[in-house]
Amino acid sequence: MSGFRTPESQAEYERVLPEILSHGCPLCTKQAVESFVHWKIVTDDFPYNKIAKLHHVLTPLRHVLERELNGEERQEYHDIKEEQLEGKYEYVIEPIGQHRSVPGHFHTHLIVSLD
């Protein structure tokens, strides 16, 4: 999503991403800023700094694709989006296809836009 990062930030992201991914899933090891039963919110190390003043990521604790989420995980995901994000974030962005930087671990981006 090069359109959401400054050119400098995008270049750095593209430079370091292969190295980061070579050490396993970065979402699995990221420290949570907020935790739930099946999910956590983490900071994004390469935020969408052209559009966001705050950028977090909502990700399941398990390393799974969206289609692999169980019923409890799906329900909690829905509940978090409906009950926990209002007032903290403005947008939920879910990259698809080639724009998934961590394709094996489902996640959505939580954004507060620049004013």
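Predicted model: local features only at pLDDT ≥ 70, side-chain atom pairs only at ≥ 80, totals over all residues.
Within it, Trp39 has Pro60 of strand 3 as its bridge partner.

On its other pairing, strand 2 meets strand 1 (residues 34-35) in the antiparallel sense, over two bridges. Glu34 stands opposite Ile41 of strand 2, and the two strands form a hairpin in which three residues lie between them. Four of the five residues of strand 2 (residues 39-43) are buried, and the strand is therefore largely enclosed by the rest of the structure.

The pairings described so far can be set side by side.

| Strand pair | Sense | Bridges |
|---|---|---|
| Strand 1 and strand 2 | antiparallel | two bridges |

Taken together, five strands form an open sheet whose order is 1-2-3-5-4, with antiparallel pairing. Its edges are strand 1 and strand 4 (91-93), each of which pairs on one side only. As a general point, strands of a sheet pair through backbone hydrogen bonds, in either a parallel or an antiparallel arrangement.

Beyond the sheet, the chain as a whole contains three helices and five strands, and from the N terminus on these elements follow the pattern α-α-β-β-β-α-β-β. The radius of gyration of the chain is 14 Å, close to the 13 Å that the globule rule gives for 115 residues, so the chain is as compact as a globular protein of that length. The C-alpha trace spans about 40 × 35 × 25 Å along its principal axes.

How much of the chain is buried? Of its 115 residues, 40% count as buried, while the accessible surface comes to about 6,800 Å², with 51% of that area belonging to carbon and sulfur atoms. Among contacts between residues at least 6 apart in sequence, 60% join residues at least 24 apart. As for charge, the chain carries 12 positive and 19 negative side chains, and the centres of these two sets lie 4 Å apart.

Methods. Residues numbered from 1 in each chain as written. Heavy atoms only, no water. Rg over C-alpha atoms; globule rule 2.2 N^0.38 Å. Buried < 20%, exposed > 50% of the residue type's maximum accessible area, 1.4 Å probe, protein only. Contact = heavy atoms within 4.5 Å. Areas by Shrake-Rupley, 256 points an atom, 1.4 Å probe, with all protein chains shown as cover. Lys, Arg positive; Asp, Glu negative; His and termini not counted. Charge placed at Lys NZ, Arg CZ, Asp CG, Glu CD. Pairing = 2+ DSSP bridges.
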